[in-house]
Amino acid sequence: MDNKRVFKMSFAGVYPHYIHKVEKKGRSKEELDEVICWLTGYNRHTLQQQIDLKISLETFFEQAPQINSNVAKITGVICGYRVEEIEDRLMQKIRYMDKLVDELAKGKTMEKILRK
């Protein structure tokens, strides 16, 4: 997939798919928000603002207050790529988020997902 196309996708367009994915597996929107806020440094209010503004994934990560310092502990395969080996930093952040959402949907404990 063309990275530029992914970067221009709106976070507001992707977010409902994340909600559906985790709720289908018995997890909550609140847990999803906690995971995304942990990764990006947004709080629930600023996260909702970004959704309302319909910003791109690129802008979402550019404006993220603080990418979590434990992000390097996120490892594994997502979409056929090892997240820790993705060279494009923006794509890596997007895949980190995908990986965390997958872990939430698969039933991992919040403690493990948040690398505590």
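Visitor: Where does Ser10 lie?

Guide: Ser10 belongs to the loop between α1 and α2. Please bear in mind that the model is predicted.

Visitor: Which residues of α2 are buried, and where are they around the axis?

Guide: An α-helix has 3.6 residues a turn, so residues three or four places apart point the same way. In α2 the buried residues are Phe11, Ala12, Val14, Tyr15, Tyr18, Ile19 and Val22. They cover an arc of only 150° around the axis, so they lie on the same side of α2. The face turned away from this buried side carries the exposed residues His17, His20 and Lys24. Among the elements that cover the buried residues of α2 are α3, α4, α5 and α6.

Visitor: What does the same reading give for α3?

Guide: The 12 residues of α3 should span 16 Å at 1.5 Å a residue, and this agrees with end C-alpha atoms that are 16 Å apart. The buried residues of α3 are Leu32, Asp33, Val35, Ile36, Cys37, Trp38, Leu39 and Thr40. These buried residues pack against α2, α4, α5, α6 and α7. Gly41 follows α3 and has a positive phi, near 90°.

Visitor: How many residues does the largest nonpolar core have, and which elements give residues to this core?

Guide: In soluble globular proteins, nonpolar side chains tend to be buried together. Here the largest nonpolar core has 41 residues, and those with the most contacts inside it are Phe11, Leu32, Ile36, Leu39, Phe60 and Met97. Two or more residues come from each of α1, α2, α3, α4, α5, α6 and α7. The largest share is that of α6, which gives 9 residues.

Visitor: Which residues are in contact with Phe11?

Guide: Apart from its neighbours within four places in sequence, Phe11 is in contact with Ile36, Leu47, Ile51, Ile55, Ser56, Leu57, Phe60 and Met97. The relative accessible area of Phe11 is 0%, so Phe11 is buried.

Visitor: How many aromatic pairs are found, and how is a pair described?

Guide: A pair of aromatic rings is described by the distance of the centres and the angle of the planes. A search of the whole structure finds 4 aromatic pairs. In one of them, the ring centres of Phe11 and Tyr15 are 5.6 Å apart and the planes stand at 40°, so the pair is tilted. Phe11 and Tyr15 are 4 residues apart in helix α2, which means that about one helical turn separates them. Tyr15 is buried, with a relative accessible area of 4%. Another pair, Phe60 and Phe61, is edge-to-face, with 5.2 Å centre to centre and 90° between the planes. Both Phe60 and Phe61 are buried. Phe11, Tyr15, Tyr42, Phe60 and Phe61 form one aromatic cluster.

Visitor: With which side chain does the Gln50 side chain make a polar contact?

Guide: The partner is the side chain of Tyr42, at 2.8 Å. Gln50 is in helix α4 and has 7% relative accessibility, so Gln50 counts as buried. Not counting residues up to four places away in sequence, Gln50 touches Tyr42, Ile55, Phe60 and Gln63.

Visitor: Is Lys112 buried or exposed?

Guide: Lys112 is exposed, with a relative accessible area of 56%. Lys112 lies in helix α7, residues 110-113. Between Lys112 and Leu39 there are 13 Å in space, C-alpha to C-alpha, and the two are 73 residues apart in sequence.

Key:
Residues numbered from 1 in each chain as written. Predicted model: local features only at pLDDT ≥ 70, side-chain atom pairs only at ≥ 80, totals over all residues. Heavy atoms only, no water. Buried < 20%, exposed > 50% of the residue type's maximum accessible area, 1.4 Å probe, protein only. Core = buried A, V, L, I, M, F, W, Y, C linked by side-chain atoms within 4.5 Å. Contact = heavy atoms within 4.5 Å. Polar contact = N/O pair within 3.5 Å; in protein donor to acceptor, adjacent residues only side chain to side chain. Arc of directions from axis to C-beta. Phe/Tyr/Trp six-rings, centres within 6.5 Å; stacked < 30°, edge-to-face > 60°. Expected span 1.5 Å × (residues − 1).
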